[in-house]
Amino acid sequence: MVKSTRHAKYELYYHIVFIPKYREPRLMGATKERLKTIFAEICDDKDLELVEVEIMPDHVHLFVGSPPRNEPSLLVNWLKGISARYYNQRYDDRIKWTRSYYVGTAGSVSKDTVEQ
């Protein structure tokens, strides 16, 4: 769905993937549900659209919509940094993310749309 700001129409979606430190398979059960809640909270606070969350035992897939003012690296920084901080403040078991991540764009624009 196309969204807008005062000066722009946009439809930007990012597929973001990252892993816990040492790729430990520990994102299961209560940890998985807690992280889903935290990611939703972050997206609400930062005015992002959380389209899909898939948490595997050893990695996280997020599909996030964002206004054009937010660069992809900033989105990853928010999602990894704030989620680790919130999780570690609220629960006894600790979570750490690696510095690496994958981000890809999703969406398509036809030639006719560009010409218009």
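Reply: The following account begins with the strands and then turns to the helices, the core and the charged pairs. The model is a predicted one.

Four strands form an open sheet in the order 4-5-3-6, and their pairing is antiparallel. Its edges are strand 4 (49-56) and strand 6 (102-106), each of which pairs on one side only. From one strand to the next, the twist averages 15 degrees. Strand 4 is joined to strand 5 (residues 59-65) by seven bridges, the two running antiparallel. Within this pairing, E54 has H61 of strand 5 as its bridge partner.

Helix 1 (residues 29-45) packs on the sheet, where it touches strand 3 (13-18), strand 4 and strand 5. The direction of helix 1 makes about 160 degrees with that of strand 4. Helix 2 (residues 72-90), for its part, lies across strand 3, strand 5 and strand 6, at about 50 degrees to strand 3. Helix 2 reaches 27 Å from its first C-alpha to its last over 19 residues, close to the 27 Å expected at 1.5 Å a residue. Its buried residues include L75, W78, L79, I82 and Y86, and the cover over the buried residues of helix 2 includes strand 3, helix 1 and strand 5.

The largest nonpolar core has 25 residues, of which I16, L35, F39, V60, L62, L79 and W97 touch the most other members. Strand 3, helix 1, strand 4, strand 5 and helix 2 each give two or more residues to this core, and helix 2 gives the most, with eight. One member, L62, has contacts that include I16, F39, L50, V53 and L79. In soluble globular proteins, nonpolar side chains tend to be buried together.

In one of them, the side chains of E49 and K3 meet at 2.8 Å, N to O. Because E49 lies in strand 4 and K3 in strand 1 (residues 3-4), this pair ties together parts that are 46 residues apart in sequence. E49 is partly exposed, at 29% relative accessible area, and K3 is likewise partly exposed, at 28%.

Another salt bridge joins R34 and D93 (3.5 Å, N to O). This pair links helix 1, which holds R34, to the loop between helix 2 and strand 6, which holds D93, 59 residues apart.

Methods. Residues are numbered from 1 along each chain as its sequence is written. This is a predicted model: local features need pLDDT of at least 70, side-chain atom pairs count only at pLDDT 80 or more; totals for chains, interfaces and linings use all residues. Side-chain values use heavy atoms; hydrogens and water are left out. Two strands pair if DSSP finds at least two bridges between them. Axes are lines fitted to C-alpha atoms, for helices over the stretch in contact, and angles run from 0 to 180 degrees between N-to-C directions. Contact means heavy atoms within 4.5 Å. The expected span of a helix is 1.5 Å times one less than its number of residues. Buried means under 20% relative accessible area, exposed over 50%, partly exposed in between (1.4 Å probe, protein chains only). A nonpolar core is a set of buried Ala, Val, Leu, Ile, Met, Phe, Trp, Tyr and Cys residues joined through side-chain atoms within 4.5 Å. A salt bridge is a side-chain nitrogen of Lys or Arg within 4 Å of a carboxyl oxygen of Asp or Glu. Lists of a residue's contacts leave out its neighbours within four places in sequence.
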